[in-house]
Amino acid sequence: MPDTVTMPGQSKIAITSLSDAGGAEISGIDLRQPIDGATADALRQAWLEYKVLVIRNQEITEDEQERFCRLFGELAGLKSQATATKTLWVTNREEPDRVT
């Protein structure tokens, strides 16, 4: 099992390396809640170190997604041409009822 590091902050997140090639799973965080400065710093550091962050089982709104993404910098402003949503649905699973 890869190493897990627990970072201080409001949510005491755990960062678990997924492989030697990169990627880390973040647990112990609820993206519906505001994220304190120490946790935001730990997330940014993990992103720089692991390049890909996996945060499972989050039921968040588009506004909560946007707030989380802004922790890492300004947003590019890209969005789906087919919908009025702020986000673009990207998946490797076929879901014919989803418009992207």
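Predicted model: local features only at pLDDT ≥ 70, side-chain atom pairs only at ≥ 80, totals over all residues.

Author: Residues are numbered from 1 along each chain as its sequence is written, and side-chain values use heavy atoms, with hydrogens and water left out.

Reader: Okay, which residue in β3 does Ala14 stand opposite?

Author: Helices (H or I, at least four residues) and strands (E, at least two) are DSSP runs, numbered from the N terminus. Two strands pair if DSSP finds at least two bridges between them, and β2 (residues 14-17) and β3 (residues 24-27) have four, in the antiparallel sense. Across from Ala14 in that pairing you'll find Ser27.

Reader: And in the hairpin of β2 and β3, which residue in the turn has a positive phi?

Author: There are six residues between the two strands of this hairpin.

Reader: Are the residues of β2 buried or exposed?

Author: Buried means under 20% relative accessible area, exposed over 50%, and partly exposed in between (1.4 Å probe, protein chains only). Ala14 and Thr16 point one way from β2, while Ile15 and Ser17 point the other way. Whichever way they point, all of them are buried.

Reader: Which residue does the side chain of Glu25 meet in a salt bridge?

Author: A salt bridge is a side-chain nitrogen of Lys or Arg within 4 Å of a carboxyl oxygen of Asp or Glu. Glu25 has such a link at 3.1 Å, N to O. It ties together distant parts of the chain, 31 residues apart: Glu25 is in β3, and its partner is in the loop between β4 (53-54) and α2 (62-69). That partner is Arg56.

Reader: Why does Arg56 count as partly exposed?

Author: The partly exposed class lies between the buried and exposed cut-offs. Arg56 falls into that class because of its relative accessibility, which is 46%.

Reader: How many residues apart are Arg44 and Asp41?

Author: Their side chains meet in a salt bridge at 2.6 Å, N to O. Both lie in helix α1 (residues 37-50), with about one turn of the helix separating them.

Reader: Which residues are linked with Arg70 in a network of salt bridges?

Author: The side chains of Arg70 and Glu66 meet at 2.8 Å, N to O. Another residue joins in too, so by the salt-bridge rule the network links Arg70 with Glu66 and Glu74.

Reader: Last one: which side chain of opposite charge is nearest to Glu64?

Author: Glu64 is found in helix α2, and it's buried yet has no salt bridge. For charge, Lys and Arg count as positive and Asp and Glu as negative, while His and the chain ends are not counted. The nearest side chain of opposite charge is 5.1 Å away, and it belongs to Arg67.
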